[in-house]
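Please look over the model below before reading the points.

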Amino acid sequence: MASASDVHPAAQPESAALDSAHVGNIEGAFGTISLGDDAPRTKMSAKLRTLVAIVGPGLIVMVGDNDAGAFGTYTQAGQNYGTSLLWVLLLLIPVLYVNQEMVLRLGAVAGVGHARLILERFGRFWGAFSVIDLFILNALTIVTEFIGISLGLTYLGIPQIPGVIVAAVFVVGAVSTGSFRRFERLCMFLIAGSLLLVPLVIMVHAPIGEVAQGFLIPGIPAGAELSTVTLLIIGIVGTTVAPWQLFFQQSYIIDKRITPRFMNYEKVDLWIGIVIVVVGAAILMSVTSGAFTGTAGFGNFTDAGGVAAGLGTYVSKAAGILFALALIDASVIGAAAVGLSTSYALGDVLGLKHSLHRKVSEAKGFYAAFAGLLVLSAIVVLIPGSPLGLITVGVQVLAGVLLPSATVFLLLLCNDKAVLGPWVNGKWLNIFTALIIAVLVILSTVLTASVLFPAINSEAIIAILIGGGSVALLAGIGFAIYRTIRPAPASPDTVDRRERATWRMPPIALLAKPKMSTGRRLGLTVLRVYLLLAMILVFVRVIQLATSSN
């Protein structure tokens, strides 16, 4: 049976693209696919050429996720607890795939960015909220990227101020070439730079047996404080699954002009990215475990700069240099991807031209937003006395608070038949995604509580986990009983799934507004109250920390 990507499209449907530059040939880093190319890919060589041209969105978003924050979190786990938390990475694989596969479908089928879909389908409040919270969170995240660059430069003996300025200019210049292909090729070069971590495995002689045990046998490090370990696990989740990824990948797929015809190839691209991000995280944990175990540095993590210094002391100077270079490389990729997710979202909502295919003169607002965000973040890092520690805490907490809401809207959009037609979620995917949302809400609650109450103990954390799990279970049982008594009515506008290869969302202005059921309206109201209270409490706590440190 031919896959969906190998079926001849009957005709090119009317595009919903908001920017005319989003329609045309696929111009990947390593190949081009012409608009309207409907030739069947029957030979393996043809399929490989197509895959090479498609590869990019999934790979960039995943490698961009192993950024400065990830370097800090993964190396903290390895330096303080060895390989005992590697199992968390395996649990995150299905979460990563489910979230990113849903935005992949939205991008290829709808042709409209995530922020604009939220605005059009859920109203101005949620549209504005999605962009404003994304802008704040992304700005803080980019600050952490420049913190990572600064730490790497310091270890290498390069002056911080000129080094950070050069890095900012480089990232802005890389994005502003006016050529999608040039940008993607540069990204591939930077992704290749992440291979700098591989020699560290050989230099450190990471124990393969302990690594395998850490992956396959879940557990808590012996003698460790449960509350501290739990918060670190939540940190690993937060740094691996972030809201910006949803906005970036959907918009990047649209900008690359990928259509449903090439959905299967893009899924392979996503899996390649997931494998790389998990392997990279495992290397960071296992290398720091191997380097610091049995030394005075074990259990005394400070930051990524301290890790580079420790590798230089306990392994070799070359090991420290390789780690610092990999940290800078990862931070640059992260800054570019996070910044672009913001510019794409602003372009979507404000109706600006927003495509890497356009020159700066053709999309001034798009590129100005990106450059402004990068420059502002770099300045914050260079200002003496900037509360960089508070910013790092703020990023972790805001990401934890906002991720559940982002996933909720993702789930709702992927069940909107006016948007996805025959590509809407199936029953079991909805159930699994609902479970993911429940877990994220519970972890978000624990993380928020830990910031508001720094002295929180293990008993309180266990109580939150058990209480949250019980509420989620009862809610699931209640919903199942309700659906048994009152089954959902069959939708009259169902599209035959055999039309998947050619079905595209109509222009968004032609879509009928979704009907807001009582349950959905109640759920969105609860979500709005939760977000409002959580963000107020976090804001108050950050102010308390700032005033107490003065």
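1. Does Ile481 count as buried, partly exposed or exposed, and why? Ile481 is partly exposed because its relative accessibility is 47%; buried means under 20% relative accessible area, exposed over 50%, and partly exposed in between (1.4 Å probe, protein chains only). Ile481 sits in helix H20, residues 458-485; helices are DSSP runs of H or I with at least four residues, numbered from the N terminus.

2. This is a predicted model, in which local features need pLDDT of at least 70 and side-chain atom pairs count only at pLDDT 80 or more, while totals for chains, interfaces and linings use all residues. Residues are numbered from 1 along each chain as its sequence is written, and side-chain values use heavy atoms, with hydrogens and water left out.

3. The average pLDDT (the predictor's confidence in each residue, from 0 to 100) is 85 for the protein, and 91% of the residues score at least 70. Residues 1-12 have pLDDT below 50, yet this stretch has 23 contacts (heavy atoms within 4.5 Å) beyond near neighbours in sequence. Where pLDDT is low, the predicted coordinates should not be read in detail.

4. Helix H14 (residues 304-314) has Ala304, Gly305, Val307, Ala308, Gly310 and Leu311 as its buried residues. These pack against several helices, among them H3 (68-81), H6 (124-156) and H13 (263-292). At the start of H14, the backbone nitrogen of Gly305 has a side-chain oxygen of Asp303 within 3.0 Å.

5. Ser289 belongs to helix H13. Ser289 counts as buried because its relative accessibility is 2%. Leaving aside residues up to four places away in sequence, Ser289 touches Gly78, Gly82 and Thr83.

Key: Helix = DSSP H or I, 4+ residues; strand = E, 2+ residues; numbered from the N terminus. Polar contact = N/O pair within 3.5 Å; in protein donor to acceptor, adjacent residues only side chain to side chain.
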